[in-house]
Amino acid sequence: MSKIDPQLFNVHEHALDKEFELCPACGSELSVRHSKHGGFVGCNNYPTCDYTRPLVQHESIETQVISGSVCPKCGNELAVKSGRFGIFIGCTHYPECTHIEKHDNTNQAEQITCPQCAKGHLESRTSRYGKTFFACSAYPKCKFIVNYPPYNEACPDCGFGILVERKGAAGSRVECPQKSCKYKRAL
């Protein structure tokens, strides 16, 4: 181990930080840079030249028009598009019409009425951290939320409109979401 040249492993300059390409804008050398959004390749002549490109090239899909589809808001065709949250279906006249199709796996027969307002129904949502929760569809007016999948049955102890399904080490069980009620039963 004593025969290793310490200049090869210098703290200030790492072998992987050099790209050894020339900038297409000014002809200077390119190197790997880091920001809060991840790594990118940038020009070493930075204040003068602001050329950058992503370190990893992501595949972007072209907008594909779905023939025979009609936007319910404006009547134009719908298209498969790629956005920052993934692939979605939206209107082809985007700035004027902001219609987006929701990916909904639940049938209309399975919808559970909101126990708090009784006007909306509970629908599955995803938080910004990727967790699934269930909230009322009449959101700005009703702020009812449950973290576990709702079960369409009233609580026999307190009479609350729904129960929730929870999975544990002992198996699945149904329980009341109210903190004051302690009702639980195995599924």
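**Exercise 1.** What percentage of the chain over residues 153-176 is helix, what percentage is strand, and how far apart are the end C-alpha atoms?

*Solution.* The structure is a predicted model. Step one is to take the record: the unreviewed UniProt entry lists residues 153-176, among other ranges, under "domain: DNA topoisomerase type IA zn finger". Step two is the content of this range, which is 0% helix and 46% strand. Step three is the distance between its end C-alpha atoms, 10 Å. Residues 112-150, also listed in that record, can be treated in like manner: here the chain is 0% helix and 41% strand, with the end C-alpha atoms 8 Å apart.

**Exercise 2.** Determine the order of the strands in the four-stranded open sheet, and identify its edges.

*Solution.* The order is 12-13-14-15, and the pairing is antiparallel. The edges are strand 12 (150-151) and strand 15 (184-186); each has a single partner strand, so one side of each has no neighbour in the sheet. For strand 12, the antiparallel pairing with strand 13 runs over two bridges. Within this pairing, Pro-150 is placed opposite Val-164 of strand 13.

**Exercise 3.** Trace the pairing from strand 8 through strand 9 to strand 10.

*Solution.* Begin with strand 8 (residues 112-113), which pairs with strand 9 (residues 121-126) in the antiparallel sense over two bridges. Ile-112 faces Leu-122 of strand 9 across this pairing. Next, strand 9 pairs with strand 10 (residues 132-136), again in the antiparallel sense, over five bridges. Thr-126 has Thr-132 in strand 10 as its bridge partner. Finally, strands 9 and 10 form a hairpin with five residues between them, and in the turn Gly-130 has a positive phi of about 90 degrees.

**Exercise 4.** Is Glu-123 buried or exposed, and with which side chain does its own side chain make a polar contact?

*Solution.* Glu-123 is located in strand 9. Its relative accessibility is 19%. The cut-off for buried is under 20%, and Glu-123 therefore counts as buried. Its side chain makes a polar contact of 2.6 Å with the side chain of Arg-125.

**Exercise 5.** Describe the backbone and the exposure of Ala-118.

*Solution.* First, locate the residue: Ala-118 belongs to the loop between strand 8 and strand 9. Second, consider phi. Most residues other than glycine have a negative phi. Ala-118, although not a glycine, has a positive phi of about 60 degrees. Third, consider accessibility: with a relative accessible area of 54%, Ala-118 is exposed.

**Exercise 6.** How many residues join strand 2 to strand 3 in their hairpin?

*Solution.* The two strands cover residues 29-35 and residues 38-43 respectively, and they pair in the antiparallel sense over six bridges. The hairpin passes from strand 2 to strand 3 through two residues. Across the pairing, Arg-33 is opposite Phe-40 in strand 3.

Note on methods:
Residues are numbered from 1 along each chain as its sequence is written. This is a predicted model: local features need pLDDT of at least 70, side-chain atom pairs count only at pLDDT 80 or more; totals for chains, interfaces and linings use all residues. Side-chain values use heavy atoms; hydrogens and water are left out. Two strands pair if DSSP finds at least two bridges between them. UniProt positions are given in the numbering used here, feature names are shortened, and annotations may be inferred rather than shown by experiment. Buried means under 20% relative accessible area, exposed over 50%, partly exposed in between (1.4 Å probe, protein chains only). A polar contact is a pair of N or O atoms within 3.5 Å; within protein, one must be able to donate a hydrogen and the other to accept it, and residues adjacent in sequence count only if both atoms are side-chain atoms.
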